[in-house]
Every structure is written in C-alpha cells, then in structure tokens.
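Please walk me through this protein model, from its overall layout down to single residues.

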Amino acid sequence: IDNALGMRRRDSGERQSPAAVTLEEEADDSRIECAPTAGDTIAAISTPLGEGAIALVRLSGPDAIAVATKIFRGTKSPDELASHFQQFGEIVDGDRILDQVMLSVHHAPRSYTGEDVVEISCHGGVLVSARVWEACLHAGARAARPGEFTERAFLRGKLDLTQAEAVIDLIRAQTDLALRSANEQLAGRLGERISQLRDDLISLL
C-alpha cells in the first residue's frame with residue numbers, strides 16, 4: 001500500500017493546515033498530534049491552500065459525528081442528522097463563533113471512506129479554515145496523513161488499487177485525454193480488465 005498509494009497520496013487535495021506550524025507553536029502538542037492508528041478519527045482541510053469562497057474540512061472515522069457534535073451549533077446536531085443531508089449552523093470554540101458553515105453527515109458504509117464521514121463547508125480564508133480544522137483536532141480528531149482518506153477507502157473496499165491511483169491522475173490531468181483516461185480508471189474499467197485477465201490466467205493453471 002505504501003508503495004502504491006504512499007508515493008501518490010496527494011489524493012483529493014487533502015492537506016495539512018497552512019497554519020499547522022503556527023498551531024504547533026501555539027498549542028500543546030499532546031492535544032493535536034498522536035500516533036496514527038486505523039481506528040482513529042482523522043481530519044483534514046480538503047481544498048487547496050489559498051483564499052476562496054469555500055473551504056472543505058473533512059472528518060472520517062468512528063468518532064467523526066461525535067467530534068462534529070462537540071463543535072457544531074445548529075437547529076439539529078450532527079448526531080441527529082439524516083445521512084447525506086446538509087445543515088446550516090456555526091462552528092464554535094466554547095462560546096466563541098469561528099464561522100458559519102454548512103455541515104453534512106455521511107453514515108458508514110455509504111461514504112467515500114466507508115466510515116462515518118462529516119464534511120464542513122466553511123468560508124475559504126486561510127485562517128478561518130485552519131481554525132475550523134483546529135477545532136476538530138481539539139474535539140478529538142487527529143490530523144490526517146496525506147492521502148489517508150483514499151487509503152481508508154481502499155482498505156475498506158470502496159476503491160480498488162487502480163481506482164485509488166486514478167484519484168491523483170484525475171486531479172493532475174492537464175489534457176482532455178488524461179482526464180478521460182483517469183475517469184475511466186476511476187470508474188473501475190482498468191480494475192475490471194485486470195480482474196478478467198487474472199481469472200483467465202487462473203483458469204489456465
């Protein structure tokens with residue numbers, strides 16, 4: 001997995017917060033960093049570095065909804081939301097409002113990673129997205145490694161290896177041909193062909 005995914009892990013733009021160095025200087029390391037394990041709940045800013053209208057902060061793992069419930073204030077809490085519906089509300093740090101956001105919950109296994117996933121669409125400033133991400137960490141998530149969301153999708157059978165590798169090809173496509181090729185690979189066509197060839201070879205043994 002490390003060879004196949006690790007070298008190509010810049011999957012869906014998930015990045016460590018641009019304020020990560022500042023956060024490490026300002027915050028207690030024990031609150032933010034921990035040794036990664038498969039059962040952790042992870043968080044990342046999934047949109048590129050820079051200013052824009054919207055940034056996406058994504059959570060995945062067994063406690064994703066619980067983490068979001070700690071920091072979200074709206075008409076309904078995340079643990080009350082139906083899967084794949086959005087809720088308008090605020091991300092808070094204690095009594096302080098960090099941002100107004102749209103939050104959606106994706107219950108396992110009907111999510112990108114196959115785990116419970118929460119997606120927070122906040123305003124796209126560098127600082128505000130970093131603070132929302134930081135709030136997730138302080139509520140119990142840990143910072144995701146580059147490509148870890150796609151890695152989890154692969155490990156849980158949501159994507160095969162060819163599809164996992166196609167994610168980065170799709171993001172980096174510079175021509176229509178490259179875009180079409182990546183989309184076909186992401187749709188599973190290459191994986192299906194490889195599986196067919198494998199079955200044919202096994203039948204010859």
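This is a predicted model. Its protein chain averages a pLDDT of 84, and 81% of the residues score at least 70. Residues 1-13 fall below 50, yet this stretch has 38 contacts in the model beyond near neighbours in sequence. Residues 18-35 also stay under 50 in pLDDT. For them the model has 24 contacts beyond four places in sequence.

Now the overall layout. The protein chain has eight helices and seven strands. Of its 205 residues, 44% are buried. Take the contacts between residues at least 6 apart in sequence: 59% of them join residues at least 24 apart.

The seven strands form an open sheet with mixed pairing. Their order is E3-E4-E5-E6-E2-E1-E7. Which strands stand at the edges? They are E3 (72-74) and E7 (142-143). Each has a single partner strand, so one side of each is left without a neighbour in the sheet.

Follow the pairings across the sheet. Strand E1 covers residues 42-45 and runs antiparallel to E2, joined to it by four bridges. Isoleucine 45 has valine 57 in E2 as its bridge partner. The two strands form a hairpin with six residues between them. In that turn, glycine 50 has a positive phi of about 135°.

E2 also pairs with E6, in the antiparallel sense and over eight bridges. Here leucine 56 stands opposite serine 121 in E6. E6 spans residues 117-124, and five bridges pair it with E5, residues 96-106, again in the antiparallel sense. Serine 104 stands opposite glutamate 119 in E6. Histidine 106 stands opposite valine 117 in E6.

E5 pairs with E4 as well, over eight bridges in the antiparallel sense. Serine 104 in E5 is the bridge partner of glutamine 86. E4 and E5 form a hairpin with two residues between them. Glycine 94 in this turn has a positive phi of about 70°.

Next comes a helix on the sheet. H3, residues 64-71, lies across E2 (52-60), E3, E4 (86-93), E5 and E6. H3 runs at about 65° to E3. Which residues of H3 are buried? They are Ala64, Ile65, Val67, Ala68 and Ile71. Seen down the helix axis, they fall within an arc of 160°, so they line one face of H3. These buried residues pack against E2, E3, E4, E5, E6 and helix H4 (126-138).

In soluble globular proteins, nonpolar side chains tend to be buried together. The largest nonpolar core here has 27 residues. Those that touch the most other members are Val57, Leu59, Ile91, Leu103, Val118, Ile120 and Cys136. E1, E2, H3, E5, E6 and H4 each give two or more residues to this core.

Look at isoleucine 91 in detail. Leaving aside its neighbours within four places in sequence, its contacts include Ile71, Phe72, Ile97, Leu98 and Val101. Ile120, Val132 and Ala135 are also among them.

Beyond four places in sequence, arginine 73 is in contact with Gly89, Glu90, Val92 and Ile97. Phenylalanine 88 is 15 residues from arginine 73 along the chain, and their C-alpha atoms are separated by 8.8 Å.

Most residues other than glycine have a negative phi, and most peptide bonds are trans. Histidine 84 is not a glycine, but has a positive phi of about 70°. Histidine 84 lies in the loop between E3 and E4. Its relative accessibility is 38%, and it counts as partly exposed.

The other loop runs between E5 and E6, and proline 109 has its place there. Where is the peptide bond that is cis? It runs from alanine 108 to proline 109, with omega near 0°.

Note on methods
Residues numbered from 1 in each chain as written. Predicted model: local features only at pLDDT ≥ 70, side-chain atom pairs only at ≥ 80, totals over all residues. Heavy atoms only, no water. pLDDT = per-residue confidence, 0-100. Contact = heavy atoms within 4.5 Å. Pairing = 2+ DSSP bridges. Axes fitted to C-alpha atoms, helices over the stretch in contact; angles between N-to-C directions. Buried < 20%, exposed > 50% of the residue type's maximum accessible area, 1.4 Å probe, protein only. Arc of directions from axis to C-beta. Core = buried A, V, L, I, M, F, W, Y, C linked by side-chain atoms within 4.5 Å.
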